[in-house]
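Take a moment to turn the picture around, and then we'll walk through it together.

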Amino acid sequence: MTMERAIIRTATGLVENIIIIGEGADWPCPDGCELVDAVPPAQAGATWDGTNFIAPIIPETPRLDILMAAGPATQVYDEETELLVARPASDIAAEKTELLGLLQAKLAASEDLTWDQMNKMLALERES
(Lines give C-alpha, C1' and ligand atoms only; values in the text may rest on other atoms or scores of the structure.)
Protein backbone atom coordinates (compact mmCIF):
# COMPACT_ATOMS: atom_id res chain seq x y z
CA MET A 1 0.00 0.00 0.00
CA THR A 2 1.33 3.45 -0.90
CA MET A 3 0.72 6.78 0.76
CA GLU A 4 1.43 10.42 0.05
CA ARG A 5 3.92 12.09 2.38
CA ALA A 6 4.98 15.71 2.55
CA ILE A 7 8.67 16.58 2.86
CA ILE A 8 8.72 19.55 5.22
CA ARG A 9 11.67 21.85 5.99
CA THR A 10 11.57 21.64 9.80
CA ALA A 11 12.95 25.14 10.47
CA THR A 12 10.37 26.94 8.28
CA GLY A 13 7.45 24.54 7.90
CA LEU A 14 7.68 24.90 4.13
CA VAL A 15 6.47 21.88 2.15
CA GLU A 16 9.29 21.16 -0.26
CA ASN A 17 7.69 18.24 -2.08
CA ILE A 18 5.03 15.54 -1.97
CA ILE A 19 6.18 11.97 -2.51
CA ILE A 20 4.40 8.65 -2.88
CA ILE A 21 6.03 6.03 -0.72
CA GLY A 22 5.18 2.52 0.33
CA GLU A 23 3.81 2.19 3.84
CA GLY A 24 6.68 1.21 6.17
CA ALA A 25 9.32 1.89 3.49
CA ASP A 26 12.75 2.87 4.74
CA TRP A 27 13.33 6.19 3.00
CA PRO A 28 16.02 8.57 4.26
CA CYS A 29 14.49 12.00 4.80
CA PRO A 30 16.81 14.87 3.73
CA ASP A 31 18.71 16.64 6.52
CA GLY A 32 16.65 19.35 8.19
CA CYS A 33 13.39 17.88 6.93
CA GLU A 34 10.61 15.68 8.26
CA LEU A 35 7.93 13.51 6.65
CA VAL A 36 4.26 14.09 7.44
CA ASP A 37 1.16 12.40 5.99
CA ALA A 38 0.05 14.61 3.11
CA VAL A 39 -3.60 15.65 3.36
CA PRO A 40 -5.24 18.47 1.39
CA PRO A 41 -4.18 21.22 0.94
CA ALA A 42 -0.67 19.71 1.20
CA GLN A 43 1.34 20.70 -1.86
CA ALA A 44 4.78 22.02 -2.66
CA GLY A 45 4.90 25.62 -1.46
CA ALA A 46 2.33 25.13 1.31
CA THR A 47 3.30 25.46 4.96
CA TRP A 48 2.89 23.10 7.87
CA ASP A 49 2.04 24.67 11.24
CA GLY A 50 2.60 21.47 13.16
CA THR A 51 -1.03 20.43 12.90
CA ASN A 52 -2.43 21.60 9.56
CA PHE A 53 -1.29 22.43 6.07
CA ILE A 54 -1.85 25.97 4.86
CA ALA A 55 -2.17 26.39 1.08
CA PRO A 56 0.28 28.81 -0.53
CA ILE A 57 -0.98 32.24 -1.51
CA ILE A 58 -0.55 32.63 -5.25
CA PRO A 59 -0.62 36.29 -6.25
CA GLU A 60 -2.89 37.21 -9.12
CA THR A 61 -1.09 38.51 -12.19
CA PRO A 62 -2.18 42.08 -12.98
CA ARG A 63 -4.21 42.39 -16.20
CA LEU A 64 -1.67 44.87 -17.63
CA ASP A 65 1.10 42.28 -17.25
CA ILE A 66 -1.04 39.60 -18.93
CA LEU A 67 -1.89 41.78 -21.92
CA MET A 68 1.70 43.03 -22.24
CA ALA A 69 3.14 39.51 -22.12
CA ALA A 70 0.90 37.89 -24.69
CA GLY A 71 -0.85 40.75 -26.39
CA PRO A 72 -4.40 40.27 -27.58
CA ALA A 73 -4.80 36.64 -28.61
CA THR A 74 -5.75 36.26 -32.27
CA GLN A 75 -6.61 32.57 -31.87
CA VAL A 76 -8.14 30.40 -29.15
CA TYR A 77 -8.27 26.64 -28.63
CA ASP A 78 -11.62 25.04 -29.39
CA GLU A 79 -12.01 22.02 -27.11
CA GLU A 80 -14.73 20.44 -29.26
CA THR A 81 -12.73 20.43 -32.50
CA GLU A 82 -9.30 20.47 -30.82
CA LEU A 83 -8.23 23.19 -33.25
CA LEU A 84 -7.07 26.77 -32.96
CA VAL A 85 -9.77 29.09 -34.25
CA ALA A 86 -9.66 32.78 -35.06
CA ARG A 87 -11.08 35.14 -32.44
CA PRO A 88 -13.62 37.71 -33.54
CA ALA A 89 -12.04 41.01 -34.56
CA SER A 90 -14.27 42.79 -32.04
CA ASP A 91 -12.73 40.76 -29.16
CA ILE A 92 -9.21 41.58 -30.33
CA ALA A 93 -10.09 45.27 -30.68
CA ALA A 94 -11.60 45.27 -27.18
CA GLU A 95 -8.39 43.86 -25.66
CA LYS A 96 -6.29 46.42 -27.53
CA THR A 97 -8.55 49.20 -26.21
CA GLU A 98 -8.28 47.76 -22.70
CA LEU A 99 -4.49 47.59 -22.92
CA LEU A 100 -4.25 51.17 -24.20
CA GLY A 101 -6.51 52.34 -21.37
CA LEU A 102 -4.42 50.54 -18.74
CA LEU A 103 -1.21 52.04 -20.09
CA GLN A 104 -2.70 55.54 -20.25
CA ALA A 105 -4.04 55.20 -16.69
CA LYS A 106 -0.63 54.10 -15.43
CA LEU A 107 1.01 57.09 -17.11
CA ALA A 108 -1.68 59.46 -15.79
CA ALA A 109 -1.04 58.18 -12.27
CA SER A 110 2.53 59.46 -12.64
CA GLU A 111 3.89 55.94 -12.77
CA ASP A 112 6.84 55.19 -15.01
CA LEU A 113 6.23 53.05 -18.06
CA THR A 114 8.81 50.52 -19.16
CA TRP A 115 10.33 50.90 -22.61
CA ASP A 116 8.10 48.07 -23.90
CA GLN A 117 5.01 49.62 -22.34
CA MET A 118 5.74 53.03 -23.87
CA ASN A 119 6.34 51.52 -27.31
CA LYS A 120 3.14 49.45 -27.06
CA MET A 121 1.12 52.50 -26.00
CA LEU A 122 2.45 54.57 -28.91
CA ALA A 123 1.73 51.73 -31.38
CA LEU A 124 -1.82 51.34 -30.06
CA GLU A 125 -2.41 55.09 -30.25
CA ARG A 126 -1.24 55.09 -33.89
CA GLU A 127 -3.67 52.23 -34.66
CA SER A 128 -6.67 54.00 -33.20
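Predicted model: local features only at pLDDT ≥ 70, side-chain atom pairs only at ≥ 80, totals over all residues.

Let's begin with the strands. Strands of a sheet pair through backbone hydrogen bonds, and they can do so either parallel or antiparallel. In what order do the three strands of the open sheet sit? The order is β2-β1-β3, and the pairing is antiparallel. The edges of this sheet are β2 and β3, each of which pairs on one side only. From one strand to the next, the twist averages 30°.

Now look at the two pairings one by one. Strand β1 covers residues 2-9 and strand β2 covers residues 15-22, and seven bridges hold them in an antiparallel pair. You can pick out individual partners here: Arg-5 is bridged to Ile-19 in β2, and Ala-6 is bridged to Ile-18 in β2. Together β1 and β2 make a hairpin, with five residues between the two strands. In that turn you'll find Gly-13, which has a positive phi of about 80°.

Over to the other pairing. Strand β3 (residues 33-37) runs antiparallel to β1, and five bridges join the two. Here Ile-7 stands opposite Leu-35 of β3.

Side chains of opposite charge can pair when their charged atoms come close. How many salt bridges does the structure hold? There are six salt bridges. One of them is between Arg-5 and Asp-37, whose closest N and O atoms are 2.5 Å apart. This pair ties together distant parts of the chain, with Arg-5 in strand β1 and Asp-37 in strand β3, 32 residues apart.

Next, the helices. Two packed helices are described by the angle between their axes and the distance between the axes. Start with helix α1 (residues 63-70), which packs against α2 at an angle of about 125°, the axes being 10 Å apart. That angle lies between 115 and 145 degrees, so α1 counts as oblique to α2. The crossing of these two helices is left-handed. Which residues meet there? From α1 come Arg-63, Leu-64, Leu-67 and Met-68, and from α2 come Glu-95, Glu-98, Leu-99, Leu-102, Leu-103 and Lys-106. Sorted by class, this contact has six nonpolar residues, no polar ones and four charged ones.

Helix α2 (residues 89-108) also packs against helix α3 (residues 115-127), at an angle of about 125° and with the axes 10 Å apart. That makes α2 oblique to α3. The crossing of α2 and α3 is left-handed. On the α2 side, the contact includes Leu-99, Leu-103 and Lys-106, while Met-121 and Leu-124 are among the residues from α3. By class, the contact of α2 with α3 has six nonpolar, two polar and five charged residues.

Most residues other than glycine have a negative phi, and most peptide bonds are trans. Where does the backbone do something else? The peptide bond from Pro-40 to Pro-41 is cis, with omega near 5°. You'll find Pro-41 in the loop between β3 and β4 (47-48). Then there's Glu-82, which isn't a glycine but has a positive phi of about 60°. Look for Glu-82 in the loop between β6 (75-78) and β7 (83-86).

Terms used:
Residues numbered from 1 in each chain as written. Heavy atoms only, no water. Pairing = 2+ DSSP bridges. Helix = DSSP H or I, 4+ residues; strand = E, 2+ residues; numbered from the N terminus. Axes fitted to C-alpha atoms, helices over the stretch in contact; angles between N-to-C directions. Parallel < 35°, antiparallel > 145°, perpendicular 65-115°, else oblique. Left-handed = near helix turned anticlockwise from the far one by under 90°. Contact = heavy atoms within 4.5 Å. Nonpolar A, V, L, I, M, F, W, Y, C, P; charged D, E, K, R; others polar. Salt bridge = Lys/Arg side-chain N within 4 Å of Asp/Glu carboxyl O.
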